[in-house]
Amino acid sequence: MINLGEWLQEATVRQIAQAMDRKDLSAYELTLFYLDRIARLNTQGPMINAVLEINPDALAMAEGLDRERQKNGARSLLHGIPVLLKDNIQTGDNMHTSAGSLSLRTWYAPRDAHLVHRLRNAGAIIIGKANMTEWANFMSDTMPNGYSSRGGQVKNPYGPDHFDTGGSSSGSGAALAALFAQLAVGTETSGSILSPASSNSVVGLKPTLGLVSRSGIIPLAHSQDTAGPMARTVEDVALMLSVMAGSDPADPATLAVDDFVVDYTSSLKKDGLQGVRLGIARPEYYDELTSEQLFLMEQAIKDLKQAGAVIIDPVSVPMTEDIADYIVLKYEFKADVNAFLSSLGPTSPVHSLADVIAYNEAHHDIALLYGQSILLESEQTSGTLTESEYLQARAKDLKVSREEGIDAVLAKYDLEAIVFPANYGAAIGAKAGYPSICVPGGYTKDGEPLGVTFTAGAFSEANLLRYAYAYETVSKQRISPNF
C-alpha cells in the first residue's frame with residue numbers, strides 16, 4: 001500500500017496515473033486524502049486558510065471517474081486528479097465565485113470558465129476554490145498579500161506566523177505547499193502567479209497572454225490578465241498547460257493561438273539547458289535581495305552552469321515598476337470589472353464597481369478592514385478607456401517592455417531567456433504579455449523559500465518549461481514544509 005502522506009509530497013501526476021492503472025490507488029482515495037488534509041490543516045493546527053470552499057460533489061465525481069477508468073480507460077493523465085481553482089475562476093456548479101469579496105459571496109456562476117471546461121473534459125476533479133488576495137490585490141494600498149474579506153488571511157506553510165504568502169494567487173500556492181491538492185490554477189496580472197510560487201516553493205507558470213482563455217475569470221486588466229498552472233513539479237505544470245491552452249471564441253486574445261499549443265511535456269529533457277544562453281538580470285533586479293537570498297541566487301547560477309547553460313552575467317534589463325503599471329491597471333479595472341459584473345444577472349448583489357464600493361461601505365466593519373482606496377481611485381475614471389493618460393501609458397508599457405525591453409535584451413545578448421530572482425522581473429513580462437516560469441531555488445537559514453524565474457519572448461512556453469525542468473533536475477531544491 002502507498003503511504004500517501006509521504007509519497008504525494010513529490011509524486012507527479014504521471015506517477016499517480018500509473019498507480020491508478022495498477023489499481024494501487026483510486027481517485028476516490030486520492031480525493032479523500034486531500035479533503036482529510038484540508039480538514040486537519042486549513043482551519044485547524046497551523047490554520048493555513050488556503051482553501052476557501054470545497055466542492056460538495058468532489059467525492060461523487062471521483063467515484064464516477066474511477067468507474068469510467070475501469071470501464072473505458074483514462075481520458076488523459078489528469079483523469080481523477082484533484083485541482084484547486086483560485087476564487088476568481090468561474091465554476092458552473094455548487095461553488096461560489098467571488099474574487100474574495102463579500103459582495104459576491106452568494107453568487108453562483110452559470111457556467112464553467114473555458115479553462116475549467118477543458119480541465120473537466122480531461123477528467124480533472126475540481127476539489128474546491130482557493131483563497132486569494134481580494135480583487136486580485138487591487139483593492140487597497142495597505143491590504144497584505146493573501147487577505148480577503150470573505151476568506152481571511154492565507155498563511156505560508158513554511159512559516160505560518162512570519163513568512164509572506166505572495167499574492168494574489170496566495171491560496172493556490174500555499175495549498176500546494178501544504179499538500180491540499182495535486183494541482184492548482186492561479187491568475188496573474190503582474191506577479192500574482194510568480195510571487196506565491198516563489199514564496200511557497202512551488203512551480204508557477206504565467207503564460208503568454210492569450211494562450212489560456214480569460215473568459216469566465218473575474219478580471220483585473222485585460223491587457224495583462226492570464227490564468228496559469230501551478231504545481232509542485234515542472235512536469236505537472238507542463239501537463240496542465242497542455243490541457244488548459246487553446247483558442248476560445250469568447251476571448252479574442254486566443255484567436256490563432258492553436259498553432260502554438262503543443263504537448264508541453266514532450267519538451268522536458270534533463271539536458272535541456274545544454275548550450276542554452278541565459279542572461280542574469282542585474283544589478284537592478286538584485287537590489288532588494290538580502291545577503292542570504294543573494295547567496296541562493298549565486299548557487300542557482302552555479303547549478304545552471306552545471307546543467308550546461310551558457311551564462312551571460314550581467315545583462316541590463318529595463319526597470320518597469322516606475323513607469324506606468326498602476327496607471328494602466330487603474331483605468332482597465334473599472335472598464336473590465338463593470339463589463340463583467342453587468343453580465344451577472346439578477347442573482348448577483350452587485351452589477352458595477354460603484355455597487356461593490358457601496359456594498360463595502362454598507363458593511364465596512366467586515367468588508368473594509370484595510371479600506372478600498374484603489375477601488376475608489378479606479379471608480380473616478382470614465383470606464384471608457386478614452387483618457388489620454390491611459391492610452392499613452394499603455395503605449396509606453398508596450399514599448400519599454402517589448403521592443404526596448406525583453407525583445408531588445410534577448411537580441412542584444414543573443415539569449416534564449418532572462419533569469420530573475422523570485423518575482424522581481426514579473427512586471428516587465430506582464431506588460432509585454434510574455435511568459436515566465438518560477439521554480440524553487442532554495443531557502444534561507446530561517447527556511448523562507450526563494451524562487452528562480454525564467455522569462456522569454458511570446459509563446460516560448462515549451463522552451464521555458466524545458467529550461468525549468470533541467471534546472472529542477474540538477475538543483476533539486478524543493479523540500480516540503482515541516483508542520
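Visitor: Leaving aside its neighbours within four places in sequence, which residues is Gly308 in contact with?

Guide: In this predicted model, Gly308 is in contact with Leu273, Gln274, Gly275 and Val276, once the neighbours within four places in sequence are left aside. The word contact is used here because heavy atoms lie within 4.5 Å.

Visitor: Where is Gly308 placed, and why is Gly308 called buried?

Guide: Gly308 sits in the loop between helix H10, which covers 291-306, and strand S10, which covers 310-315. Its relative accessible area is 15%, and buried means under 20%, so Gly308 counts as buried.

Visitor: What makes Glu68 partly exposed?

Guide: Glu68 lies in helix H4, residues 58-72, and its relative accessibility is 23%. Since buried means under 20% and exposed means over 50%, a value in between is called partly exposed, and therefore Glu68 is given that name. Leaving aside neighbours within four places in sequence, Glu68 is in contact with Gly73, Arg75 and His79. Between the C-alpha atoms of Glu68 and Gly123 there are 9.8 Å in space, and the two are 55 residues apart in sequence.

Visitor: How do you know that Ala256 and Asp414 count as exposed?

Guide: For each residue the value is set against the cut-off for exposed, which is over 50%. Ala256 has 62% relative accessibility and therefore counts as exposed, and Asp414, at 51%, also counts as exposed because its value is over that cut-off. Ala256 is placed in the loop between H9 and S9, while Asp414 is found in the loop between helix H15 (388-412) and strand S11 (417-421).

Visitor: What makes helix H9 mostly covered?

Guide: Helix H9 spans residues 234-244, and eleven of its eleven residues are buried. Among them are Val234, Glu235, Asp236, Leu239 and Met244. Because buried means under 20% relative accessible area, each of these residues has a value under that cut-off.

Visitor: Which peptide bonds are cis, with what omega?

Guide: The peptide bond from Arg282 to Pro283 is cis, with omega near 15°, and Pro283 is placed in the loop between strand S9 (277-281) and H10. A cis peptide bond also joins Asp313 and Pro314, where omega is about 5°, and Pro314 is found in strand S10.

Visitor: How much space lies in the second largest pocket, and which residues are closest to its centre?

Guide: About 630 Å³ of space lies in the second largest pocket. The pocket is lined by 34 residues, of which Arg214, Ser215, Gly216, Ile217 and Phe340 are the closest to its centre. Two or more lining residues come from each of helix H6 (134-137), strand S6 (183-188), strand S8 (226-231) and helix H11 (325-342), and H11 gives the most, with three residues. By kind, the lining divides into 16 nonpolar, ten polar and eight charged residues.

Visitor: How do you know that the radius of gyration of the chain agrees with that of a compact globule?

Guide: A compact globule with 483 residues would have a radius of gyration near 23 Å, and the chain has 21 Å, which agrees. The C-alpha atoms fill a box of roughly 55 × 55 × 45 Å, taken along the principal axes. Within the chain there are 17 helices and 13 strands, and 63% of the 483 residues count as buried. Among contacts between residues at least 6 apart in sequence, 75% join residues at least 24 apart. The accessible surface of the chain comes to about 17,500 Å², and 50% of that surface belongs to carbon and sulfur atoms.

Conventions
Residues numbered from 1 in each chain as written. Predicted model: local features only at pLDDT ≥ 70, side-chain atom pairs only at ≥ 80, totals over all residues. Heavy atoms only, no water. Helix = DSSP H or I, 4+ residues; strand = E, 2+ residues; numbered from the N terminus. Buried < 20%, exposed > 50% of the residue type's maximum accessible area, 1.4 Å probe, protein only. 1 Å grid on protein atoms, 1.4 Å probe; cavity = no way out; pocket = protein on both sides within 12 Å on 5 of 7 lines; lining within 4 Å. Points joined across faces, edges and corners; volume = space filled by probe spheres on them. Nonpolar A, V, L, I, M, F, W, Y, C, P; charged D, E, K, R; others polar. Rg over C-alpha atoms; globule rule 2.2 N^0.38 Å. Areas by Shrake-Rupley, 256 points an atom, 1.4 Å probe, with all protein chains shown as cover.
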